[in-house]
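The entries below follow the order in which I looked things up.

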Amino acid sequence: MKKEEYLKDITEIKDMMSKSSRFFSLSGLSGIMAGVYALIGAFIAYYLVSKSGRDYLILDGSVFNYILMDLVAVALLSVITAIILSTRKAKKNNEVLWNGTSKRLLTAFLIPLVTGGIYIIIKISSHHYGLTGSLMLIFYGLALVNASKYTIGNVKYLGYTEIILGLICAIYPGYGFWFWVLGFGIMHIIYGSLIYFKHDRS
């Protein structure tokens, strides 16, 4: 009996340490919505470039400016939705949304993401558009992997997937749009659904 109580105490201590070092209020539904926003943004982008008459998408400077505004809108909607839904989940679980763990999570996520964003802006300013989709996927994947140690562990698998898609996209830059749709749209919906049914509904 004492052995069972000892093991139970060890398990409870491990759970407490895990909760104190990881951010569990990340909403799976926010991942689904981010994917939906990405698909809507992709359809808008496709409409803007559909007059190119090619079987793959090539963006000139003027069209690319509209695509960038489209991307910014998708990013803002995704961030706002994530904050709202994660705040709701934290309150439901009697957790604090903004604490030391969430700060470390955000820092770990933003360092690769901001670095990649600056690099992409530098490339775009030099009129190098071809690898934009690939770079977005790779740096976003790196950001997810880097931040995964502070949240639900399987976030890193989404990160690995984004990195792999980005590398494949670099081999076929003419199809960057479709890899972007797959990585930011479909994969987000799939991953968000898995998190929602595994964690959010329990």
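At what angle do helix 5 and helix 6 pack, and how far apart are their axes? I worked from a predicted model. I found that helix 5 and helix 6 (residues 155–171) pack at an angle of about 160°, and their axes are 7 Å apart. The crossing of helix 5 past helix 6 is left-handed.

I next listed the residues in contact. Helix 5 contributes, among them, G133, L137, Y140, G141 and L144; helix 6 contributes residues including V155, L158, G159, E162, I163 and G166. By class, the contact of helix 5 with helix 6 comprises 14 nonpolar, five polar and two charged residues.

I then turned to the aromatic rings and noted nine aromatic pairs. One of them is Y119 with F139: the ring centres are 6.4 Å apart and the planes stand at 50°, so I recorded the pair as tilted. Because Y119 lies in helix 4 (residues 100–125) and F139 in helix 5 (residues 132–147), this pair ties together parts that are 20 residues apart in sequence.

Y140 is in helix 5 and F184 in helix 7 (residues 176–200), 44 residues apart. I found both Y140 and F184 buried. Finally, I noted that ring pairs link F109, Y140, W180 and F184 into a cluster.

Terms used:
Residues are numbered from 1 along each chain as its sequence is written. This is a predicted model: local features need pLDDT of at least 70, side-chain atom pairs count only at pLDDT 80 or more; totals for chains, interfaces and linings use all residues. Side-chain values use heavy atoms; hydrogens and water are left out. Rings of Phe, Tyr and Trp (its six-membered ring) pair if their centres lie within 6.5 Å; planes under 30 degrees apart count as stacked, over 60 as edge-to-face and the rest as tilted. Helices (H or I, at least four residues) and strands (E, at least two) are DSSP runs, numbered from the N terminus. Buried means under 20% relative accessible area, exposed over 50%, partly exposed in between (1.4 Å probe, protein chains only). Axes are lines fitted to C-alpha atoms, for helices over the stretch in contact, and angles run from 0 to 180 degrees between N-to-C directions. A crossing is left-handed if the near helix is turned anticlockwise from the far one by less than a right angle, and right-handed if clockwise. Contact means heavy atoms within 4.5 Å. Ala, Val, Leu, Ile, Met, Phe, Trp, Tyr, Cys and Pro count as nonpolar, Asp, Glu, Lys and Arg as charged, and the others, Gly among them, as polar.
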